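Here is a briefing on one protein fold. Look at the sequence and the structure first, then read the points below.

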Amino acid sequence: MINEKTNELSAAEADVLAAEAVKVLLEKLALEVTMYDVREHTSVTDFYVNATGKSSTHVASLADDVVDSFESRGKNAYRVEGKRGNSWILVDFGSLIVNVFDSEARSFYGFDRLLPAECGRDISDLAAEVDAKFSISDKEEI
């Protein structure tokens, strides 16, 4: 089903895309990863995923990793903003907006405080999935 907001993704597809963004960010060691389902609160997008990088280089790398991962699946970003400064990079996929901040920018802009608390999604299952993927203790010995 076509989403009227973006003419691109159904709600289920946007949900999957947001979960994939969370997993990519966690795999690349992003900090403070959060996901918000804002379908009932705004016409701008369906989901926000926010993350913090450890340095400006890490911020840029995290944003690039999300873009590369989605491009390999045929999902291209409409736009990427903030690449010059690398303190806050916004990647817009229409139904999903990924914000990658450095610590100072995330604290300064307080973007998470602007979103209704009830929109926050529990990502513990996604974190557990990523942890299991990289868990050495669970692997068979070679």
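The protein has five helices and six strands. This is a predicted model. From the N terminus on, the elements follow the order α-β-β-α-β-β-β-α-α-β-α. Of the 142 residues in the protein, 46% are buried.

**The sheet**

- Six strands make up an open sheet. Their order across the sheet is β3-β4-β5-β2-β1-β6, and the pairing is mixed.
- The edge strands are β3 (79-81) and β6 (120-121). Each of these two pairs on one side only.
- In general, strands of a sheet pair through backbone hydrogen bonds, either parallel or antiparallel.
- How do strands β2 and β5 run, parallel or antiparallel? Strand β2 (residues 47-53) and strand β5 (residues 96-102) run parallel, and seven bridges join them.

**Helices on the sheet**

- Helix α1 packs on the sheet. It touches β1 (31-37), β2, β5 and β6.
- The direction of α1 makes about 5° with that of β2.
- Helix α2 (residues 56-71) lies across β2, β3, β4 (88-92) and β5. Helix α2 runs at about 160° to β5.

**Helix α1 against helix α5**

- Two packed helices are described by the angle between their axes and the distance between the axes.
- The axes of α1 (residues 11-27) and α5 (residues 124-134) come within 9 Å. They cross at roughly 45°, so the two helices are oblique to each other.
- This crossing of α1 and α5 is right-handed.
- From α1, the contact uses A19, V22, K23, L26 and E27. From α5, it uses L126, A127, E129, V130, K133 and F134.
- Sorted by class, the contact of α1 with α5 has seven nonpolar, no polar and four charged residues.

**Helix α1 against helix α2**

- Helices α1 and α2 pack at an angle of about 135°, and their axes are 10 Å apart. That angle makes α1 oblique to α2.
- The crossing of α1 and α2 is right-handed.
- On the α1 side, the contact is made by L17, E20, A21, V24 and L25. On the α2 side, it is made by L62, D65, V66, S69 and F70.
- By class, the contact of α1 with α2 has seven nonpolar, one polar and two charged residues.

**Residue N50**

- N50 sits in strand β2. It stands opposite N99 in β5.
- Is N50 buried or exposed? N50 is buried, because its relative accessible area is 0% and buried means under 20%.
- N50 and M35 are 15 residues apart along the chain. Their C-alpha atoms are separated by 6.5 Å.

**Residue S87**

- Where is S87 found? S87 lies in the loop between β3 and β4.
- S87 is partly exposed, with a relative accessible area of 30%.
- Not counting residues up to four places away in sequence, S87 touches V100, F101, D102 and A105.
- S87 and S103 are 16 residues apart along the chain, and their C-alpha atoms are separated by 8.3 Å.

**Contacts along the chain**

- Consider the contacts in the protein between residues at least 6 apart in sequence. Of these, 60% join residues at least 24 apart.

How values were computed: Residues numbered from 1 in each chain as written. Predicted model: local features only at pLDDT ≥ 70, side-chain atom pairs only at ≥ 80, totals over all residues. Heavy atoms only, no water. Axes fitted to C-alpha atoms, helices over the stretch in contact; angles between N-to-C directions. Helix = DSSP H or I, 4+ residues; strand = E, 2+ residues; numbered from the N terminus. Parallel < 35°, antiparallel > 145°, perpendicular 65-115°, else oblique. Left-handed = near helix turned anticlockwise from the far one by under 90°. Contact = heavy atoms within 4.5 Å. Nonpolar A, V, L, I, M, F, W, Y, C, P; charged D, E, K, R; others polar. Pairing = 2+ DSSP bridges. Buried < 20%, exposed > 50% of the residue type's maximum accessible area, 1.4 Å probe, protein only.
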